[in-house]
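Here are my notes on this one, as numbered points.

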Amino acid sequence: MVYAILLLEVLLITVFIYFVSGRLMGAQVNFTKRVLSVVLGVSLTTFVYWYSYLRYTDYLSESVLNTATDVSTIVWVGSILLISMLLYLLFELFDPIELGAKGERITGRKFIFKRLQHQWRRQKRLREVVEIALRNGISRALKYARHRENDRELAIAFRDTLEQSGGIFIKFGQVLSTRTELFPPAFVEELGTLQQRVRPLPNSQVQDILEASLGGRFEEVFSSFDMEPLAAASIGQVHKAILKKDNRHVVVKLLRPEIKRIMRDDLNILVEFAEWVSNRSVWAENLGFRELAIGFAAGLREEINFNIEIRNTIQITNAMKNSPYKVRIPHVYTEYSSDKLIVMEYVEGKSIAQGSAVFHQFGSNEKDFARTVLFSFFEQMLDSGIFHADPHPGNIFIDEQDGKPILLDFGAVGRLASPQQEGLSLFIIGVQQGDASVIYDSIMLLVEDNQQIDRHRFEQAIGQILLKISYVHRIPTTELIHSLFDLVRDFGLSFYPSVGTALRSLITLDGTLHTIDPTFDMFTEAKAFAQKYKSDFLKKPFKEPKAVKDRLESELALVIPELVRLPKRLDRLVERVESGKIILHHDVFSDRHNANFITQMFSRLVLLLTGITFGLISSALLAIAQFINTAYAVYLNTAAYTGLFLCVILLVRLSVQAIRDMKRSNDI
């Protein structure tokens, strides 16, 4: 009975400490860390209380149990509260999880024990990758990376490191081989040799994936399913099948079940490896090697969610429905598709990667085919703003029925906002006209933080680029875009990420168009597209009068009410000016965020000063008590220790809030 009462007493104190500590530390404290800190605080303090005091007393007697106001009990409860808050502060300090605007966790990572296990596994894998890099001499090669003659040595060491690390690292190298605007030719050549040999999934695993995604036996959906894959890659593999309901031939794309585990382990390792390389090389840091790895990781995380690819495919299909440039996009059967499975129309065609023989086989003109592909991509970028971001030869087929282009694989899609669409359009027109001022205006729409640019110097630099491509029959597309990247970088600017994606897609597309027709010149054709684009824009009111009329009506419906109110507003403005009632001023508190920030800082400053005041007064009382031998010394000591206790409570609260503020996302 006595032990039950003791246990109940400790339990009630634990609940009391839980609520009081939460209130003292402020709102939005983490539940898990709060519970853990209270449990550890109660356990640790109770043990010390028993070991240092209670075991020397008859604490099991009724008299002791009923002495709730005993000084030792008060010290014990106060110590629990203080230790619990200090433990919470410790957990918050060593927990790197980022917080959102309201203090919520914005990552899905587990708490400290799970994370320690994951961290140990990740560090082991990182050590393996770093050892591979050191064994291949990448650290030594990085020291001489600034010398052009050492490009090949570093490129070979880098390729071998990625190849031996396997998995995601090989795919990263393959992606980097397309970044010809950043890497020297030696890197592009070496990384282009990376090949990833992936074994197909066993038939039993394919069947399990199908039935888990379809919610039943796959024979109920497919009358025929070829277990031999048409292609197998690191993310998924593709099979041919026949739908049971209408006997249509389809392609079934499966997501590999282990890919999420690989991503969880290796994508973080890849970013840390990129950071390790950047820390040891100014060349890699200036190249933005770590940012390249982060961008690759973000893109790959999207690719493994097939729902995103399904949405991308449907969006571009709808955007190109009325396009004059006829390209075929396979239909997606959304009723059978999910985040791990895509069922789409099977189209009879062959990859343009096979060269001119394919066009001769189907009697299709290479130049017309290439022009259709190019103009379709321009229309995607400039009209809808949604475009295929990975137009390599393996993603473009020629239709066996009519010889038209077929676009495949919409896992990587770019999106341009209206200002960036306008900027790209102006850029093409500026190149066509050879006008540096038009190109300047276009680039200002394509870059971030463009407020401090010397327009005259910038236009002079653009003029130098235009001179390089003047009076020639072919405009070197890759050289032009690379010069554009260099120009922007030299002036301390950076393209919007979506614009960088679009320009890199054009570089990839240029290589693809040369595969179709080695004599094809993208920017010569782009001039023709720009001319046609301007002409179509001017003719649009005559071609589509109803659409233009509807657009004008909607715009006027917004503008006319404002125009009607404008004379009255001007009259009131003039009256106020004449009467001297208009005073222009800027109030820092007029902005809600500024007002909240200042109010929050002021309240915390008050708490800080209050805590310091308690500490100083309490220290002074303790010093005075040393010189008093009367009973008043007891009261002075009690008041002093109480003040010190309150001082620590306030400082702990401020520390917890300060740490949480530092971990809040910078994007809010």
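1. First, the ground rules. Helices (H or I, at least four residues) and strands (E, at least two) are DSSP runs, numbered from the N terminus. You're looking at a predicted model, where local features need pLDDT of at least 70, side-chain atom pairs count only at pLDDT 80 or more, and totals for chains, interfaces and linings use all residues. Residues are numbered from 1 along each chain as its sequence is written, and side-chain values use heavy atoms, with hydrogens and water left out.

2. The overall picture: the chain has 25 helices and twelve strands. Of its 668 residues, 42% are buried, where buried means under 20% relative accessible area, exposed means over 50%, and partly exposed is in between (1.4 Å probe, protein chains only). A contact here means heavy atoms within 4.5 Å. Take the contacts with a separation of 6 or more: 68% of them join residues 24 or more positions apart.

3. Start with helix α1 (residues 2-25), which is where T14 sits. T14 counts as buried because its relative accessibility is 18%. Setting aside neighbours within four places in sequence, T14 is in contact with V38 and V42.

4. Next, M85 in helix α4 (residues 71-93). Is M85 buried or exposed? With 0% relative accessibility, M85 counts as buried. Not counting residues up to four places away in sequence, M85 touches S21, L24, M25, I649, V652 and R653. If you want a distance to check, M85 and V20 are 10.0 Å apart in space, C-alpha to C-alpha, and 65 residues apart in sequence.

5. Now helix α10 (residues 203-214). Its twelve residues reach 16 Å from first C-alpha to last, close to the 16 Å expected at 1.5 Å a residue; the expected span is 1.5 Å times one less than the number of residues. V206, I209 and L210 are the buried residues to look for in α10. Seen down the axis of α10, its buried residues fall within an arc of 100°, so they line one face of the helix. That arc is taken from the directions from the helix axis to the C-beta atoms. As background, an α-helix has 3.6 residues a turn, so residues three or four places apart point the same way.

6. What covers the buried residues of α10? The cover includes β1 (222-225), β3 (236-243), β4 (249-255) and β5 (341-345). Turned away from the buried side, the opposite face of α10 carries the exposed residues D208 and A212. After the helix comes G215, with a positive phi near 75°.

7. N247 has phi near 60° and is found in the loop between β3 and β4; N247 is exposed, with a relative accessible area of 54%. D409 likewise has phi near 60°, in the loop between β9 (405-407) and β10 (413-415). At 32% relative accessibility, D409 counts as partly exposed.

8. Helix α19 (residues 455-468) can be read in the same way. Its 14 residues should span 20 Å at 1.5 Å a residue, and the end C-alpha atoms are 20 Å apart, which agrees. F458, I462, I465 and L466 are buried in α19. Down the axis of α19, these buried residues fall within an arc of 100°, so they line one face. H456, L467 and K468 are exposed on the other side of α19. Elements covering the buried residues of α19 include α18 (436-446) and α20 (477-490).

9. Last, the cavities. On a 1 Å grid over the protein atoms alone, a cavity is a set of points where a 1.4 Å probe fits but cannot get out, and lining residues have an atom within 4 Å of a point.

10. Which residues line the largest cavity? They are F378, M381, L382, L424, F427, I428, I481, L503, L506, M522 and F523. At least two lining residues each come from α16 (366-384), α17 (418-433), α21 (497-516) and α22 (522-543). By class, the lining has eleven nonpolar, no polar and no charged residues. Here Ala, Val, Leu, Ile, Met, Phe, Trp, Tyr, Cys and Pro count as nonpolar, Asp, Glu, Lys and Arg as charged, and the others, Gly among them, as polar.

Key:
1 Å grid on protein atoms, 1.4 Å probe; cavity = no way out; pocket = protein on both sides within 12 Å on 5 of 7 lines; lining within 4 Å.
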